[in-house]
Amino acid sequence: MLRSLVGSEMCIRDRWYQRRVRDTTRFTMSEAAAVEEPVTVVLGDPLAVKNALDEHIPKVIEEVGFKEDMGFDNIKLLLGTIACCFGVFGQFHVWFGFPDFPFDRSILLMCSFGYMVFSSAMTAQIFFNGTCLLRVVSPEGGFSGMGDMGCLKGIKSMHVHSYLPRFGTDFQLSFVIQTVDGASYSSSTTEGLKAVENVGKFFTVDGDLVQVGLSAWIKSALVGAAKAVAASSNMSKQKSS
C-alpha cells in the first residue's frame with residue numbers, strides 16, 4: 001500500500017511538472033527539426049531538462065571565442081589519481097616485495113590515511129565548486145574587432161554558473177567575471193550578471209531542445225553581462241578620479 005501511494009505521488013508530481021513546462025513552450029516541431037543533432041528529453045524530469053541545457057552552454061561559450069580553462073579539472077583528476085594510487089598500493093603492495101599481513105599494518109594505515117585525505121580533498125573541491133558549470137579564459141589577442149562580441153574585450157576569465165530549482169521552471173544563468181585590470185564581478189555585487197528564463201521557452205511540447213533559441217539567449221545574457229561589467233568598471237573609475 002505504501003509503495004502504491006509513493007508511486008502515485010511521483011506520477012502526479014511528474015505530470016504536474018511536465019504540464020507546467022509544456023504550458024510555456026513557444027516552438028513547434030519544425031523549428032526544432034532545423035537542428036542537425038536534436039536533443040530530446042522527458043519534460044517531467046527536471047534533471048534531464050537541466051542536463052540538456054548544461055550540455056549546450058559550453059558549446060555556445062566556446063563558439064563565441066572563449067577557451068576552456070582545464071585547471072580545475074586537472075587538479076580534480078590529480079587528487080583522484082593520487083587517492084587511487086594509495087588504494088591500489090594498499091591492495092597489491094605484497095607484489096612489490098613488501099611484508100604481508102599482519103606485518104604490513106603500518107603500510108595499510110598509511111594507504112588508508114592517504115586515500116582518505118586525497119579523496120576528501122577532491123570531494124571538498126567539488127562541493128565548493130557549487131553551481132559552477134564552466135571556467136573559461138579569453139582568447140589570445142582578446143575580442144577586439146569581433147563585431148557584436150567586441151564588448152567582451154575587457155574580460156580576462158569567467159566562471160559560468162547554472163541553476164534550476166528542483167521542480168522549478170526558471171533556469172538561471174550567471175557569470176563571475178574577472179577583467180584584465182584584475183577586478184572581479186559577480187551577480188551578487190553587480191546587476192546584469194544573471195539571466196533568468198523559463199525552461200519551457202527552450203523546448204517544444206514534445207521535449208525537443210530548440211538549440212537556436214537557447215544559443216541566442218545565452219549569447220544575449222553574455223553580452224548583457226559584459227556590458228554590465230564595463231558600466232560598473234567605468235563608474236568605479238569615475239568615482240576614484
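Among contacts in the protein chain between residues at least 6 apart in sequence, 69% join residues at least 24 apart, where a contact means heavy atoms within 4.5 Å. Keep that in view as you tour this predicted model, in which local features need pLDDT of at least 70, side-chain atom pairs count only at pLDDT 80 or more, and totals for chains, interfaces and linings use all residues. Residues are numbered from 1 along each chain as its sequence is written, and side-chain values use heavy atoms, leaving out hydrogens and water.

**The whole chain**

Start with a cartoon view. You will find six helices and six strands; these are DSSP runs numbered from the N terminus, with helices being H or I of at least four residues and strands being E of at least two. Going along the sequence, the pattern reads α-α-α-β-α-α-β-β-β-β-β-α.

The protein chain exposes about 14500 Å², and carbon and sulfur atoms supply 60% of it. Accessible areas here come from the Shrake-Rupley method with a 1.4 Å probe, and for residues only the protein chains shown count as cover. Of the 241 residues, 37% are buried. Buried means under 20% relative accessible area, exposed means over 50%, and partly exposed lies in between (1.4 Å probe, protein chains only).

**Colour by confidence**

Next, colour by pLDDT, the predictor's confidence in each residue, from 0 to 100. The mean for the protein chain is 82, and 80% of its residues reach 70 or more. Select residues 1-10: their pLDDT is below 50, and beyond near neighbours in sequence this stretch has zero contacts in the model. Then select residues 27-35, where pLDDT also stays under 50; for this stretch the model has 13 contacts beyond four places in sequence. Where pLDDT is low, the predicted coordinates should not be read in detail.

**Salt bridges**

The structure holds four salt bridges, each a side-chain nitrogen of Lys or Arg within 4 Å of a carboxyl oxygen of Asp or Glu. Here are some of them to visit.

Select Lys-50 and Asp-54. Their closest N and O atoms are 2.5 Å apart. Both residues are buried. They are four residues apart in helix H3 (residues 46-64), so about one helical turn separates them.

Move along to Glu-63 and Lys-219, whose side chains meet in a salt bridge of 3.1 Å, N to O. Glu-63 lies in helix H3 and Lys-219 in helix H6 (residues 211-240), so this pair ties together parts that are 156 residues apart in sequence. Glu-63 counts as exposed at 55% relative accessibility, while Lys-219 is partly exposed at 28%.

Then pick Glu-197 and Lys-201, with a salt bridge of 3.0 Å, N to O. Glu-197 is buried at 19% relative accessibility, and Lys-201 is partly exposed at 23%.

**A nonpolar patch**

Show the surface of Val-88, Phe-92, Val-94, Trp-95, Phe-96 and Phe-98. Together they make a nonpolar surface patch of about 650 Å². Patches are made of residues with over 30% relative accessible area and no salt bridge, joining like charges within 9 Å and nonpolar side chains (Val, Leu, Ile, Met, Phe, Trp, Tyr) within 5 Å. Zoom in on Phe-96, which is found in the loop between helix H4 (71-92) and helix H5 (105-129). Phe-96 counts as exposed, with 60% relative accessibility.

**Cysteines**

How many disulfides does a search of the whole structure find? The search finds zero, taking a disulfide as a pair of cysteine sulfur atoms within 2.5 Å. Select Cys-85 to see why: the closest cysteine sulfur, in Cys-84, is 7.1 Å from the sulfur of Cys-85, too far for a bond. Cys-85 is partly exposed at 48% relative accessible area. Also select Cys-111, which is buried at 4%.

**Two loops to finish**

Jump to Gly-150, in the loop between strand S2 (132-137) and strand S3 (155-163). Gly-150 is buried, with a relative accessible area of 18%.

Last, select Phe-167, in the loop between S3 and strand S4 (170-179). The phi of Phe-167 is near 65°, a positive value in a residue other than glycine. Phe-167 counts as partly exposed at 22% relative accessibility.
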